[in-house]
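Dear colleague,

I am passing on the structure we spoke about, together with some notes on what turned up in it. Please read the notes with the coordinates open beside you.

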Amino acid sequence: MSAEVWTWIIVLLTFALYLGIGYWARVRETTGFYVAGRGVPPVANGAATAADWMSGASFISMAGLISFLGFDGAVYLMGWTGGYVLLALLLAPYLRKYGKFTVPEFVGDRYYSNVARVVAVISALFVSFVYVVPQLRGVGIVLSRYLGVDVATGVWAAVLVTAFIAVIGGMKGITWTQVAQYTVLIIAYLITGVALSNLLTGNPIPQLAFTFSDFAVRLSQLQVELGLNEYVKPFQNLSQLNVFLITLTLMVGTAGLPHVIIRFYTVPKASDARWSAGWALLFIALLYTTAPAVAVFSKYNLLNTLANKPVEEVQQIDWVQKWSKTGLLKLEDKNGDGIYQITASRDTNEITIDRDIIVLSTPEVAKLSPIVVGLVAAGGLAAALSTAAGLLIVMASAISHDLYTRIINPQASETTKLTIARVVILLVTILAAPFGINPPAFIAQLVAFAFGLAASTFFPAIILGIFDRRMNTQGAVAGMLVGLIFTATYIVGTNYLGWPRFLFGISPEGIGTVGMLLNFLVAYLVSRATPPPPVEIQKLVDEIRVPKGAGQAAEH
Amino acid sequence: MSALESYWRENLSLIRNLLIVWALVSYVLGILLAEPLNAIRVFGGPPLGFWIAQQGSIYVFVILIFYYASRMAALDRKYGFED
């Protein structure tokens, strides 16, 4: 059977599995809808968090991105994993002990202020919406590349599947589909990583092959011979300051992203939240330590097979023909010497490799069975769908729980709350679909925006809420607003208004760190100049610092 | 000092120590000293600075969290604060 038939079969089977789990886990009460009834075992929550966190881009584009950035790709590797250390040590157990439903709820209650609550709701909605668009688009692209449907149909398929699971199953449905989605995506990623590693180094474990073979050095030398950058040399694409700041922004942003934080509300106990963060990072690390190996092996293989080789020889390779058709691989003998040269200059370069090809072409390059091609497609879909679902719950709960129930109508019945949450999910996916079909050109910058914002607003507000008993409304609101306005102004100014990077050449992706520091500073100064929080809030802070009693908090 | 205060103090010092390791591995070894460390190739494989930034640091992060969870479980027991 052809790869396309296998892909259809595997994609339809996995979609059916997700829908089946979504239906099995359908819920009728808000605790089930928002926090999966708080009955998720830590290991399962770790797998669900890993799927929630690893987006379509992590699966399809990250290895390619690293292979083009070389050393500097470390900003993604360290940035998107190191944040879990912050989550586990500074946030997860305390938020779980506090034991309610959402991040804006913690901010609103801890700072006894609806102003703080609304600032948090707006940030949560913005961050999540910006993040859901590329996920829907990711599904559209995978379906169009592998199955030949057009991108719009693919995006609507994504909307249908995620909305169905989230609407009927809420957090419970999402959790258990995410566990299934993690399984699918990690199997797909590891199969290709193992095969490629085995093919090139004879060592089937990519992490060990990366560590104990000299492939990275050989790739580095090959790139130098071809006139490209030294692969292993730091700070070729980003300055040292930017590598530092982008890594820190991605770490702190990860710890401040609401769809990641709320996953820790679903475990039974506060101590489970600590273990669960460890499992989440272990599951994430399986993919994140395979990716740099895949990056090195496939780039070495691509350059070695294509660069400075005769045109006729290259044109006979199967996967070259196939990927040339998709436009992801462009070969053009510009100087007509019968040989393909790769150079650093756009005018003379004859080999253009789209970075998505690094992961997508691996099964064929490593001569794997067509079943694996289908699996990789299903893996990419699983990664994008699981992240989209997690984001939908954040938006639904921010509007129905924090805005409607806590501010507009505190007497709302259980049924009304659930209906509103479900309608919000439907509306949001329908609203997001057109953006996924025709994405605004600046979508990648928007993702940087989401991280910068999470880093400069949520993270300091939550940390101070737990670790600084003296922090009050005035301090927290002033800090969030300063962080938000500073970060947003810098990103919008340097990206769209043509401003120079006026602050030490800091890139907009890394500015969230500066926004976060400003937030901490302003919050501290303002809080010390204004009255301390009420006694019952100080008691609440003491209360969340010990795990004991987390079970009772869940009964509220 | 109340039990809560000394529990919190021990928790904070554990967090501080682990965050020092976290920052040392990622920011000091992985970024600030990446260039000089690249002169060393310990495993006969990739240069050390590159390896820490792209691989080693992630292993350390995983170990840090599991270590924290187990130490805190012991601390909860010591003070009778288990949930």
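With which residue does A:K322 form a salt bridge? The partner is A:E364, and the closest N and O atoms of the two side chains are 3.3 Å apart. Please keep in mind throughout that this is a predicted model.

Salt bridges

Over all chains the structure holds 11 salt bridges. One of them is formed by the side chains of B:D76 and A:R274, at 3.1 Å from N to O; because B:D76 belongs to helix α3 (residues 48–79) of chain B and A:R274 to helix α14 of chain A, this pair joins two chains. B:D76 counts as buried at 2% relative accessibility, and A:R274 counts as buried at 4%. Another salt bridge, between A:E414 and A:K417, has its closest N and O atoms 3.7 Å apart, and here both residues lie in helix α20 (residues 414–437) of chain A, 3 residues apart, which is about one turn of the helix. A:E414 is partly exposed at 34% relative accessibility, whereas A:K417 is buried at 15%.

Aromatic side chains

A search of the whole structure gives 35 aromatic pairs over all chains. In one of these, the ring centres of A:W80 and A:F451 are 6.0 Å apart and the planes stand at 35°, so the pair is tilted. It links distant parts of the chain, with A:W80 in helix α6 (residues 74–98) and A:F451 in helix α21 (residues 443–467) of chain A, 371 residues apart, and both A:W80 and A:F451 are buried. A:Y182 and A:F283 form a tilted pair too, at 5.1 Å centre to centre with 55° between the planes; since A:Y182 lies in helix α9 (residues 151–201) and A:F283 in helix α14 (residues 270–306) of chain A, this pair ties together parts that are 101 residues apart in sequence. A:Y182 and A:F283 are both buried. A:W80 and A:F451 also belong to one aromatic cluster with A:W53, A:Y76, A:Y84 and A:Y131.

Backbone

A:N308, in the loop between α14 and β1 (309–310) of chain A, has a positive phi near 55°, but A:N308 is partly exposed, at 42%.

Chain B and the surface

Chain B has 3 helices and 0 strands. Its radius of gyration is 17 Å, well over the 12 Å that the globule rule gives for 83 residues, so chain B is more spread out than a compact globule. On the surface, A:I205, A:L208, A:F212, B:I40, B:V42 and B:F43 form a nonpolar patch with about 520 Å² of accessible area together.

Methods
Residues numbered from 1 in each chain as written. Chains lettered and ligands numbered in written order. Predicted model: local features only at pLDDT ≥ 70, side-chain atom pairs only at ≥ 80, totals over all residues. Heavy atoms only, no water. Patch = residues over 30% accessible without salt bridge, like charges linked within 9 Å, V, L, I, M, F, W, Y side chains within 5 Å. Areas by Shrake-Rupley, 256 points an atom, 1.4 Å probe, with all protein chains shown as cover. Salt bridge = Lys/Arg side-chain N within 4 Å of Asp/Glu carboxyl O. Phe/Tyr/Trp six-rings, centres within 6.5 Å; stacked < 30°, edge-to-face > 60°. Helix = DSSP H or I, 4+ residues; strand = E, 2+ residues; numbered from the N terminus. Buried < 20%, exposed > 50% of the residue type's maximum accessible area, 1.4 Å probe, protein only. Rg over C-alpha atoms; globule rule 2.2 N^0.38 Å.
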